Every structure is written in C-alpha cells, then in structure tokens.
Amino acid sequence: MQYANILTGGIGCGKSTVAKLLELHGFQIIDADIISREAMNEKKDCIIQSFGDEIIESNEKSDEIIINRTKLGQIIFNDKNKKTLLEDILHPLIQSKILYQCNKIESKKVPYFVEIPLYFESRFEYKARYVICVYTTRENQIQRVQQRNNLCLEEAIKRVDSQIDIEIKKKKSDFIIENLSDLKSLQKNIESFLQSFLPLFS
C-alpha cells in the first residue's frame with residue numbers, strides 16, 4: 001500500500017486521541033478496533049461455540065445474542081492458547097476488511113492512517129509505507145490505564161506488561177509522536193510530525 005501508514009503504540013499512549021486529531025487535519029483513519037467489533041459480530045456463532053455460553057451477555061430488550069467483550073477479554077488475557085484461537089477466528093476477516101478499505105482510499109493518492117493498536121504483536125502482516133508510534137513513558141501508561149479503567153496498580157501493570165514494551169515499539173517505528181503531558185503539547189507534536197511526514201508524499 002503506497003499511501004497507507006500504520007498508527008500504533010502501547011495501551012494508554014493516546015493512539016485514539018492522536019487519530020482524532022489527525023482526522024481534524026483532514027486525514028482518513030481506518031480504525032482496526034471498529035473493524036474488530038464488526039468481525040466479532042459476524043463471527044459470534046463461531047466464537048461462542050469455541051469459548052462457551054459464559055461469554056454471552058444477557059439482553060432483556062432483544063433476542064439478539066451479544067458477546068460480552070469484557071468476559072472474553074479476561075479469558076484470552078489469562079490464556080495464550082485461547083488468545084491464539086480467537087486471533088485465528090477473527091484476524092483473517094479483520095485483515096480482509098482493512099485491505100478492502102485501504103484499496104478504496106488508495107485511489108485518492110493521499111496519505112492515510114490505519115490505527116492498529118497491536119501492530120507489532122500481530123502474527124499477521126500489514127503492508128504500509130511508514131509506521132508511526134504514539135509514545136509515552138511506561139509510568140504514564142500505567143497511570144493512565146489505572147485511571148481510565150479504574151484498576152488497581154497491580155492489574156494496570158499486568159495490562160501494560162502484556163504488550164511489547166513501548167521502548168521496543170519506539171525503536172521499530174519510522175516516526176514517533178510523543179504524548180508525554182497535555183493535549184496542547186500533543187497537538188504541537190502532531191504538527192511537528194506532519195511537517196516531516198507530508199513532504200515524503202509530495
């Protein structure tokens with residue numbers, strides 16, 4: 001993909017905030033999390049068959065079967081084999097959907113971003129021009145995850161440590177957008193990034 005660029009980072013780094021700010025600059029964003037939810041809905045029968053009725057969310061207002069993502073997340077967080085099983089069910093469809101959206105945007109011949117939180121952790125390949133990492137310190141990650149998800153310190157550390165270390169992601173990326181303090185600083189860092197990034201497509 002000539003105009004696709006991966007937007008990634010660690011949990012609590014502020015990827016979604018950066019994606020929204022890039023949208024305000026006029027860039028199109030493909031959100032892998034949204035696509036993942038679509039894929040989960042399409043594959044829910046297979047997922048329930050593989051993981052059991054315990055992941056079904058009770059829904060008194062409708063007969064529609066809904067998967068409780070929190071319960072499913074707890075299962076795969078504590079069992080690597082179950083995590084691999086879910087990836088095998090979902091990721092081929094997710095990859096296909098991302099590729100479909102990329103192909104539609106490529107014809108415009110302008111840079112765009114594919115937000116993939118677990119890009120470096122994924123066993124599946126995504127071809128792109130550049131990889132941009134939204135970066136903050138591990139300490140910031142833990143604090144933000146703890147506050148956002150209302151978790152104890154130990155649980156927040158587990159969530160952060162379940163992913164590849166942010167310093168490794170930083171080294172593997174082509175561009176870094178630092179998100180170390182407030183929104184105003186982040187906006188300045190995005191503008192600085194775009195000054196270096198956009199000429200590469202002119």
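The legends below describe close-up views of a predicted model.

**View 1. The second largest pocket and its lining.**
The second largest pocket has a volume of about 170 Å³. Strand E1 (4-9) and helix H5 (80-106) are the elements that each give two or more residues to its lining. H5 gives the most, with 4 residues. The lining is made up of Met1, Ala4, Ile6, Gln95, Ile98, Leu99, Cys102, Val114, Ile116, Glu125, Tyr126 and Lys127. Sorted by class, these are 9 nonpolar, 1 polar and 2 charged residues. The second largest pocket lies between domain 1 (1-27 + 112-201) and domain 2 (34-110), because both domains give residues to the lining.

Strand E5 covers residues 112-115. Tyr112 and Val114 point one way from the strand, and Phe113 and Glu115 point the other way. All four of these residues are buried. Val114 is also one of the residues that line the second largest pocket.

**View 2. Pairing of E5 with E1 and E2.**
E1 and E5 run parallel and are joined by 4 bridges. Within this pairing, Asn5 stands opposite Phe113 in E5. Strand E2 (residues 29-31) also pairs with E5 in the parallel sense, over 3 bridges. Here Asp31 has Glu115 in E5 as its bridge partner.

An unreviewed UniProt entry places the feature "binding site" at Gly12, Cys13, Gly14, Lys15, Ser16 and Thr17. Among them, Gly14 is found in the loop between E1 and helix H1 (15-24). Gly14 has a relative accessibility of 18% and therefore counts as buried, the cut-off for buried being under 20%.

**View 3. The loop between H5 and E5.**
Ser107 is placed in the loop between H5 and E5. With a relative accessible area of 58%, Ser107 is exposed. Ser107 and Tyr3 are 104 residues apart in sequence, while their C-alpha atoms are 9.3 Å apart in space. Lys109 is also placed in the loop between H5 and E5. Lys109 counts as exposed, at 59% relative accessibility. The phi of Lys109 is near 60°, a positive value in a residue other than glycine. Most residues other than glycine have a negative phi.

Arg138 lies in helix H6 (residues 138-149). Its relative accessible area is 30%, so Arg138 is partly exposed. From Arg138 to Ile157 the separation is 19 residues in sequence and 9.2 Å in space, C-alpha to C-alpha. Asn150 is placed in the loop between H6 and helix H7 (153-161). At 72% relative accessibility, Asn150 counts as exposed, the cut-off for exposed being over 50%. Asn150 has a positive phi of about 55°, although it is not a glycine.

Terms used. Residues numbered from 1 in each chain as written. Predicted model: local features only at pLDDT ≥ 70, side-chain atom pairs only at ≥ 80, totals over all residues. Heavy atoms only, no water. 1 Å grid on protein atoms, 1.4 Å probe; cavity = no way out; pocket = protein on both sides within 12 Å on 5 of 7 lines; lining within 4 Å. Points joined across faces, edges and corners; volume = space filled by probe spheres on them. Nonpolar A, V, L, I, M, F, W, Y, C, P; charged D, E, K, R; others polar. Domains from an automatic or database assignment. Buried < 20%, exposed > 50% of the residue type's maximum accessible area, 1.4 Å probe, protein only. Pairing = 2+ DSSP bridges. UniProt positions renumbered as here; feature names shortened; annotations may be inferred.
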